[in-house]
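Please look over the model shown here, with attention to its chain contact, its fold and its helix packing. A briefing follows, grouped by topic.

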Amino acid sequence: MTTIVDAYAPVSAASSVAAPAEPPDKARRPMQDYLLSVEGLTVSFDGFKVVDDLSLAVEPNELRAVIGPNGAGKTTLLDLISGRTRATSGSIMFKGREIRGLREHEIVRAGIGRKFQTPSIYESLTVFENLEMSYPGGRSVFGSLAFRRTPEVIARVEEAADTIFLADLLNRPADGLSHGQKQWLEIGMLLIQNPDLLMLDEPVAGMTPSERDSTAELLNRLSATHALIVIEHDMEFVKNIAHRVTVLHQGKWLAEGSMDFVQNDPKVIEVYLGH
Amino acid sequence: MIGAALEKLFGGKRYAFGVAVLAVLIFLVFPATFDSFRLNLIGKYLTYAFAALGLVLCWGQGGILSLGQGVFFGLGGYCMAMFLKLEASDPVSTAIQSTPGIPDFMDWNQITQLPTFWRPFHSLTFSLFAVIAVPCLLALIIGTAMFKRRVGGVYFAIITQAIAAILGILIIGRQGWTGGVNGITDLKTLHGWDIRTDHARYVLYFVNAVLLFAAIGLCRWILSTKMGRLLLAMRDKEERVRFSGYDVANVKVFVFVMAAGLAAVGGAMFTLQVGFMSPSFVGIVPSIEMVVFAAVGGRESLVGAVYGSLLVNWSKTYFSEKFPQLWLVLMGALFIGVVKVFPKGLAGLYESHGRAWLASARERLGRLLSPSRPLPPAGAVTVVPAVSTERHEP
């Protein structure tokens, strides 16, 4: 335990002033200082524990990568946090509030945005309309009937489009975008929601190398103002973006720390290379 | 400003053109061409168009297939028929019954007192309210029960179909309350106004047509708001909508209730124009037919839904008159054609072929008229004057 915390101590030092004085254990700061803290999270499907007693804490403005072999429970973890799957036990505190048991849209409104593994956008709508759909306004039935495209909405959409490199394609139908552009569009849709925490499931899957570089730069930029949890298989990419890496294996927490640290952890090497 | 209003109501010039053509057809061409019997038939076809419009919203745009729209069409029709029946059953004209003053079928079923739920239907105001409220309330209950539990897709379609079957059986089973398999027949007057005369049929045809265009306007308005885009988004990626902070179930309930309300108006107009209501307009077969109307017209197109209802019903009448042995086969062929050859229905055919043909025809015409002058810019469609000025007095 101690070595792991030591390993990421320099990272915390960069982002938190009080870090060097902290005692080297998990309880070094009160739980409410974390943006998201997951405690003892467990979910079992027909007795099989897909996520098993998992604990994890994310600070504001932290970019956390979650890696692990297939079936490690990475996507399930995001499903649990975003309310898509109900946890069997454990707790999920977000901004000091228990969100386990809330419904998906309530969790989104609390400030968690989630991107799916395959780009999930509305093909029948234009890029502008896709982004506008995520604008936090007119979300109720009658609200949507009365919703007006105010200059503020337009400005927000254009700002987001600019961030995700799609400013010139606003009036294009979304189904004409390239795979990478669709991935960006979905990230943009999250940004408009103004979330505190972004959860991205394989954001660079299917992207060209140059698109990957742009995405890495984008995520680094976003981490200045948001907390992010990124699931990714591409280790080079993770190295470029992650402040801290959590390794899962068979639904369990295996290791946590900087990329260099976890790459040299014998347990991690074992699960990745051992078979 | 007028352009913006037009855009909102009719979805721009292109759409306004389609609506205008339909208006000319319904308000001018049909009344001028057909006798009162045929016009009454067309009026009947157009009542189905309300249900088809509802399906365009709910199924075409929102992706929720309901195979139970006959339930709402029928309930609207029954609410109207109950009022008309009570008015037709005054104590004087029912003096020969053992209990005068109640509907004849109740008397035949040894019922001696008007059931409590029939009583409010003495009032026209209540009945008109019930025409919309009863089907909408049922849709609200069904919708909430299904969509909050995330029942969707094919399961929802099957459940709505089961409800259509159940309501049909219920109506037939409670003969003393509902008139059973015969339905509520022998309707005479609406607030003292005889609905069986040729004149009344003309008036009702136009009332129906005006209501239909109001319904098209309402649907168009809904589709022009964010709700319209939300429906499309929901059809494409329901999960994404949920994870953008929307309570998807509420949106689905709303559009399902809207579709039910529209079908109910159609049902009430059906009762008024045809003069009776029976369980054969409630059950599975009429419900599926309504889906077919929307599919033939093009399930994403409001105007298409009206054309679909007209075409399918007209061919049903025509084939059954001319080829009594063949008509079912020919109807089947029409449906196979829709599924195999033009899945987007008539509206899709128009989009892919008709528009280009119209444009080239206009070009040829323009060249013919002024061979030396340059062509007018494309899209300069002459918009026919607004619907209201075309009200036609028979």
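How many residues of chain B are in contact with residues of chain A? In this predicted model, 21 residues of chain B are in contact with 24 residues of chain A, two residues being in contact if their C-beta atoms, placed from the backbone, lie within 7 Å. Because the model is predicted, local features need pLDDT of at least 70 and side-chain atom pairs count only at pLDDT 80 or more, while totals for chains, interfaces and linings use all residues. Residues are numbered from 1 along each chain as its sequence is written, and chains are lettered from A and ligands numbered from 1 in the order in which they are written.

- On the side of chain B that touches chain A, the elements giving two or more residues are helix H10 (226–236), helix H11 (238–242) and helix H12 (248–274) of chain B; helices (H or I, at least four residues) and strands (E, at least two) are DSSP runs, numbered from the N terminus.
- H10(B) supplies the largest share of that side, 7 residues.
- The residues of that side of chain B comprise 9 nonpolar, 4 polar and 8 charged, where Ala, Val, Leu, Ile, Met, Phe, Trp, Tyr, Cys and Pro count as nonpolar, Asp, Glu, Lys and Arg as charged, and the others, Gly among them, as polar.

**Chain B as a whole**

- Chain B contains 16 helices and 2 strands.
- Its C-alpha atoms fill a box of roughly 85 × 55 × 50 Å, taken along the principal axes.
- Of the 394 residues of chain B, 44% count as buried, a residue being buried if 20 or more other C-beta atoms lie within 10 Å of its own, exposed if 12 or fewer, and partly exposed in between, with C-beta atoms placed from the backbone.
- Among contacts in chain B between residues at least 6 apart in sequence, 78% join residues at least 24 apart.

**Helix H2 of chain A**

- Helix H2 (residues 74–82) of chain A has 8 of its 9 residues buried, so it is largely enclosed by the rest of the structure.
- The buried residues of H2(A) include Leu77(A), Leu78(A), Leu80(A) and Ile81(A), and also Lys74(A) and Asp79(A).
- Gly83(A), which follows H2(A), has a positive phi, near 85 degrees.

**Contact of H6(A) with H7(A)**

- The contact is made by Arg156(A), Val157(A), Ala160(A), Ala161(A) and Thr163(A) of H6(A) together with Gly188(A), Leu191(A) and Ile192(A) of H7(A).
- By class, the residues of this contact divide into 5 nonpolar, 2 polar and 1 charged.
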